[in-house]
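Subject: Structure handover

Hello,

I am passing a structure on to you. Please open it first, then read the notes below.

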Amino acid sequence: MIIAETPRLRIRHLTAADAAFTCQLLNEPSFIENIADRGVRSKLDALHYLAEGPIKSYQQHGYGLFLVETSDTKIPIGFCGLLFRDYLQETDIGFAFVPQFWGKGYALEAASAVLHFGYQKVKLKRIVGLVSAGNLPSIKVLTRLGLSFEKVVQVQPSLKEVQLYS
């Protein structure tokens with residue numbers, strides 16, 4: 001299911017067919033460093049991650065992580081989506097892209113479309129951004145989206161401290 005299209009991107013639900021790309025993205029050193037090590041090491045692990053994460057979230061909340069692909073070639077370049085964080089009782093906008101697609105404005109373009117989806121289609125009242133303090137490129141995207149630093153929170157279950165932007 002396509003949730004948004006921009007001049008350069010198509011943003012859609014993740015499916016089992018995206019397992020190989022999911023495994024690739026979740027094992028990027030930048031993903032592990034800035035987000036987390038999800039323990040996805042194989043296509044089978046990726047299928048489980050998709051079923052228990054994004055696909056389950058679509059059913060429970062009407063949103064989740066989405067696949068971002070180029071509109072012309074349909075090459076997957078990253079994830080961008082909305083994640084309900086039980087420990088905060090908040091919805092977080094998250095994004096991660098394969099490094100070869102960094103610095104081209106894709107994260108901002110995708111995140112803008114996903115925010116619009118969240119506010120206009122899902123009717124969310126508030127969407128926050130969680131980011132590691134040292135992740136300056138992601139902080140830049142969040143601020144360009146109009147979010148600003150609110151407070152430091154602890155991410156469950158690791159209790160790692162991250163910055164919350166709203």
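With which side chain does the side chain of E69 make a polar contact of 3.3 Å? The partner is the side chain of R12. A polar contact is a pair of N or O atoms within 3.5 Å; within protein, one must be able to donate a hydrogen and the other to accept it, and residues adjacent in sequence count only if both atoms are side-chain atoms.

Some ground rules. This is a predicted model, where local features need pLDDT of at least 70, side-chain atom pairs count only at pLDDT 80 or more, and totals for chains, interfaces and linings use all residues. Residues are numbered from 1 along each chain as its sequence is written, and side-chain values use heavy atoms, with hydrogens and water left out.

E69 and its surroundings

E69 sits in strand 3. Helices (H or I, at least four residues) and strands (E, at least two) are DSSP runs, numbered from the N terminus. R10 is also a partner: its side chain and that of E69 are joined by a polar contact of 2.5 Å. E69 counts as buried because its relative accessible area is 2%. The cut-offs are under 20% for buried, over 50% for exposed, and partly exposed in between (1.4 Å probe, protein chains only). Leaving aside neighbours within four places in sequence, E69 is in contact (heavy atoms within 4.5 Å) with R8, L9, R10, R12, K74, I75, P76 and I77.

Axes here are lines fitted to C-alpha atoms, for helices over the stretch in contact, and angles run from 0 to 180 degrees between N-to-C directions. Two strands pair if DSSP finds at least two bridges between them. Strand 1 and strand 2 are joined by three bridges. I2 stands opposite R12 in strand 2.

Another open sheet has three strands, in the order 6-8-7, again with antiparallel pairing. Its edges are strand 6 (129–131) and strand 7 (149–155), each pairing on one side only. The twist averages 35° from one strand to the next. Six bridges link strand 7 to strand 8 (residues 160–165). V155 faces K160 of strand 8 across the pairing.

Helix 5

Helix 5 covers residues 106–121, 16 residues in total. From its first C-alpha to its last it reaches 21 Å, close to the 22 Å expected at 1.5 Å a residue. That expected span is 1.5 Å times one less than the number of residues. Q120 and Q163 are 43 residues apart in sequence and 26 Å apart in space, C-alpha to C-alpha. Just after the helix, K123 takes a positive phi of about 65°.

Cysteines

There are zero disulfides (a disulfide is a pair of cysteine sulfur atoms within 2.5 Å) in the structure. C23 is buried, with a relative accessible area of 14%. C80 is buried too, at 0%.

Best wishes
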